[in-house]
Amino acid sequence: MPPPADIVKVAIEWPGAFPKLMEIDQVSACAPVLCCQISLILNITIVPCPYTDILLMICIIMKTVAFVLCVLIQSSSMDAKLEALKDLANYSRDVTFAQEFINLDGISLLTQMVESGTDFGDMLSFTLTAFVELMDHGIVSWDTFSVAFIKKIASYVNKFASDISILQRSLAILESMVLNSHDLYQKVAQEITIGQLIPHLQGTDQEIQMYTIAVINALFLKAPDDKRQEMANILAQKQLRSIILTHVIRTQRAINNEMAHQLYVLQVLTFNLLEDRVMTKMDPQDQAQRDIIFELRRIAFDAESEPNNSSGSMEKRKSMYTRDYKKLGFINHVNPAMDFTQTPPGMLALDNMLYFAKHHQDAYIRIVLENSSREDKHECPFGRSSIELTKMLCEILKVGELPSETCNDFHPMFFTHDRSFEEFFCICIQLLNKTWKEMRATSEDFNKARIRAGQIMRALTTKPSSLDQFKSKLQNLSYTEILKYASPERMNQEDFQSRPILELKEKIQPEILELIKQQRLNRLVEGTCFRKLNSRRRQDKFWYCRLSPNHKVLHYGDLEESPQGEVPHDSLQDKLPVADIKAVVTGKDCPHMKEKGALKQNKEVLELAFSILYDSSGQLNFIAPDKHEYCVWTDGLNALLGKDMLSDLTRNDLDTLLSMEIKLRLLTWKIYKSQMLPHLSQRRPSNYDFVYDCN
């Protein structure tokens, strides 16, 4: 009796093994490949059986490939085994093949081959490569691996230091284990020490250096709170910072994006060690903490004699302390400990003040005495300024926040000093004092002095290579120059809130929104290259998506590398009609953000995630390269569906374009008024309360 119409029987013959008869269900078949391709690549013969339509043999599926490779990697022929492992490493990048190979218990087979310890050289390299690629799809849980497997991988980090490919893949596996399993973190931490990793940073291969820093970051990130500072101390003892500065940052090689990302992650994790002090309030009853304040006073006013300890002199002492605490710029002159009970910045502000007083004593004394001798209305209160500045620096450097999965923004200067945050503070507190004098600020203007944040941010964008270079940048960026950037943003703000201007805004807003909508759709037509994030936080796989010029279809497909410019529609394999789109969801509502994984809880990824839902269960999942692209795509997709564009980018663009349009129309009116109505030149209503013909 003929088999069911959906079942195809295929006989497969391969060297050194008995023929195998397989039944393939076409309904559940995965991505097809041509018979001739499989035959040539795998060196096998595919024979159609009776009752099988010869045309169906064109659709040989990945299930066949997975089965054949699963057999061949166990072959007694070393040449056949090597070629099969090479093919396996290549095919494992495909998620469809990976699913089929894993269904055949292929992962267990690979781990057994590793644990056996019989394979070396290229054979071991291809085995580890296939394992890494298969696990990157997130199909198999990392919690399933044995201690023997972990020990074997860890041993490769030392044993195969000269074999770049094996070392690279071993480091990648260790990083994934740590990031994706708490139990495996503990086991890996027992097998790998910082001392074993440091030598790999002193080599010349940037990929090995990057993977090594990635493993250190993973161990740092997953360490319990009570172990994190201990690990930081070990890194300091091993001189990790200076080794990275010498062998990674200050080399002749350009730093690629992946290395920049890992350096950024290390920078963030290092600064996050300050979070405990940021969130610790001062205890006014703690004598050790009070002694820090006494030390600040002693360093600043050491020349003053102490009154004798008697009941009469006690009042004098309190009076003198109150006077000195006022000179130091504390808000609470009687009990300055109360100034440090607000979190953030908590005790970190006091730590910074003491560091400045001890390590930059001359500058500290000069600032304190200089301000204590000014007239009250122009003094820059050192205590209050230090507290506000510490809080601001924590905001700028995002102390306490998890590293972004897509950010590469590391600053070389923070790798030039063991106490880089404190030195950063010392430079900025002197800038604050200088800016205060240039502003001729008073205590009422204290909040306005936050314009110094603009100075700091602009200096950071130049990526100075050292703290001295950063200091030089700040000195060249005066308050007057910063005002050039800030003034246009503050111009006419009061005028723009008058009733006639608001009415004009409302009149022209629909036209501006339509302009923004067209810009968003044009950007979707140009398309965007998206990165695929995997369990190792790697971003080395790409896919591209773009809207057709007639706005009817979304074209998308995988890419081997990041493209230079636009990708043509005809080179993108898949299509999604816009008419089939049911909804666009963002953040934690996205299907790929609900799945179990190490990236699930990351705030940055959630803020960049969006998904297109279509049909009954179809989905197209995105992680935008940055916030701007996220807003462009969510706005554009909502515009396609006839919904409002609600992103922050749209609101900012609307405000900017409305402001520009109104200024142009008012300028046109002023020119007309000066030319045609000179007698009205001095009569412009202060609140713009006049009639304007929008036509």
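**Pocket and confidence**

Modeller: The second largest pocket has a volume of about 840 Å³. A pocket is an open set of points on a 1 Å grid over the protein atoms alone, where a 1.4 Å probe fits, with protein on both sides within 12 Å along at least five of seven lines. This is a predicted model: local features need pLDDT of at least 70, side-chain atom pairs count only at 80 or more, and totals for chains, interfaces and linings use all residues. Residues are numbered from 1 along each chain as its sequence is written, and side-chain values use heavy atoms, without hydrogens and water.

Colleague: Which residues are closest to the centre of the second largest pocket?

Modeller: A232, T270, L273, D418 and R419, out of 31 lining residues. Lining means an atom within 4 Å of a point.

Colleague: Which elements give two or more residues to that lining?

Modeller: α12 (225-237), α13 (240-249), α14 (257-271), α18 and α21 (420-439). Helices here are DSSP runs of H or I, at least four residues.

Colleague: New topic. Where is confidence lowest and highest?

Modeller: Lowest in strand β3 (residues 32-33; a strand is an E run of at least two), at a mean pLDDT of 39. Helix α18 (residues 347-359) is highest, at 97. The scale, the predictor's confidence in each residue, runs from 0 to 100.

Colleague: And Q289, why does that count as buried?

Modeller: Because its relative accessibility is 15%. Buried means under 20% relative accessible area, with a 1.4 Å probe and protein chains only. Q289 sits in helix α16 (residues 287-300).

Technical notes. Buried < 20%, exposed > 50% of the residue type's maximum accessible area, 1.4 Å probe, protein only. Points joined across faces, edges and corners; volume = space filled by probe spheres on them.
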